[in-house]
Amino acid sequence: MSERKIKFAVIGFGHIGKRHAEMVKRNPQSEIVAVADVDESQKQFCIDNYTNNFFTSADDLFTPAALSCSSSVSVGFLSSLANSATVVLDILGIPLHDRYS
């Protein structure tokens, strides 16, 4: 019987997002399948350490990745609240538990 891993996406790949990614990577029952961040300079670090699936938009992330879970980490100041809420609502609208590859 093969064990299916929990497939994570990390949205927001700054300091805290990288910490989330590292915790997922250290858990043998999970894996990072996609990362999204508006800062494209994070792409090479992501590819070298976690996954080739790096996106500059959370919208693009949902199409190819078979996800079971998502971690959304965004800047905590007021001007980003609307954007953060939109990402969370998008996550909630997708049947993540049905998207195993």
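The structure is a predicted model, in which local features need pLDDT of at least 70 and side-chain atom pairs count only at pLDDT 80 or more, while totals for chains, interfaces and linings use all residues. Residues are numbered from 1 along each chain as its sequence is written, and side-chain values use heavy atoms, with hydrogens and water left out.

## Overall fold

The chain holds 4 helices and 4 strands, where helices (H or I, at least four residues) and strands (E, at least two) are DSSP runs numbered from the N terminus. Read from the N terminus on, these elements follow the order β-α-β-α-β-α-β-α. Of the 101 residues, 38% count as buried; here buried stands for under 20% relative accessible area, exposed for over 50%, and partly exposed for values in between, with a 1.4 Å probe and protein chains only. The accessible surface of the chain is about 6,300 Å², and 54% of that surface belongs to carbon and sulfur atoms; such areas come from the Shrake-Rupley method with a 1.4 Å probe, and for residues only the protein chains shown count as cover. Among the contacts in the chain with a separation of 6 or more, 64% are between residues 24 or more positions apart, a contact being heavy atoms within 4.5 Å.

## Nonpolar cores

A nonpolar core is a set of buried Ala, Val, Leu, Ile, Met, Phe, Trp, Tyr and Cys residues joined through side-chain atoms within 4.5 Å. The largest one has 10 residues, namely Phe-8, Val-10, Phe-13, Ala-21, Val-24, Ile-32, Val-35, Cys-46, Tyr-50 and Phe-54. Two or more residues of this core are given by each of β1 (6-11), α1 (15-26) and β2 (30-36). A second, separate core has 7 residues, including Ala-34, Ala-36, Phe-55 and Leu-61.

## Aromatic rings

A pair of aromatic rings is described by the distance of the centres and the angle of the planes. Rings of Phe, Tyr and Trp (its six-membered ring) pair if their centres lie within 6.5 Å, and planes under 30 degrees apart count as stacked, over 60 as edge-to-face and the rest as tilted. By this rule there are 3 aromatic pairs. In one of them, Phe-13 and Phe-45 have ring centres 6.1 Å apart and planes at 45 degrees, so the pair is tilted. Because Phe-13 lies in the loop between β1 and α1 and Phe-45 in helix α2 (residues 43-49), the pair ties together parts that are 32 residues apart in sequence. Phe-13 is buried, with a relative accessible area of 0%, whereas Phe-45 is partly exposed, with a value of 35%. Together with Tyr-50, these two residues form one aromatic cluster.

Lys-18 lies over the face of Phe-13, 4.9 Å from the ring centre, and Lys-25 lies over the face of Tyr-50, 5.2 Å from the ring centre.

## Salt bridges

The model has 2 salt bridges, each a side-chain nitrogen of Lys or Arg within 4 Å of a carboxyl oxygen of Asp or Glu.

| Pair | N to O distance |
|---|---|
| Glu-31 and Lys-7 | 3.2 Å |
| Glu-22 and Arg-26 | 3.2 Å |

Since Glu-31 lies in strand β2 and Lys-7 in strand β1, their pair ties together parts that are 24 residues apart in sequence. Glu-31 is partly exposed at 28% relative accessibility, and Lys-7 is buried at 13%. Glu-22 and Arg-26, by comparison, are 4 residues apart in helix α1, so about one helical turn separates them. Glu-22 counts as partly exposed at 24%, while Arg-26 counts as exposed at 66%.

## Two loop residues

Gly-12 is placed in the loop between β1 and α1 and is buried, at 11% relative accessibility. Its C-alpha atom lies 8.8 Å from that of Ala-58, although Gly-12 and Ala-58 are 46 residues apart in sequence.

Thr-56 is found in the loop between β3 (54-55) and α3 (58-61) and is partly exposed, at 39% relative accessibility. Apart from neighbours within four places in sequence, Thr-56 is in contact with Asp-37, Val-38 and Glu-40.

Key. Lys NZ or Arg CZ within 6 Å of the ring centre and 35° of its normal.
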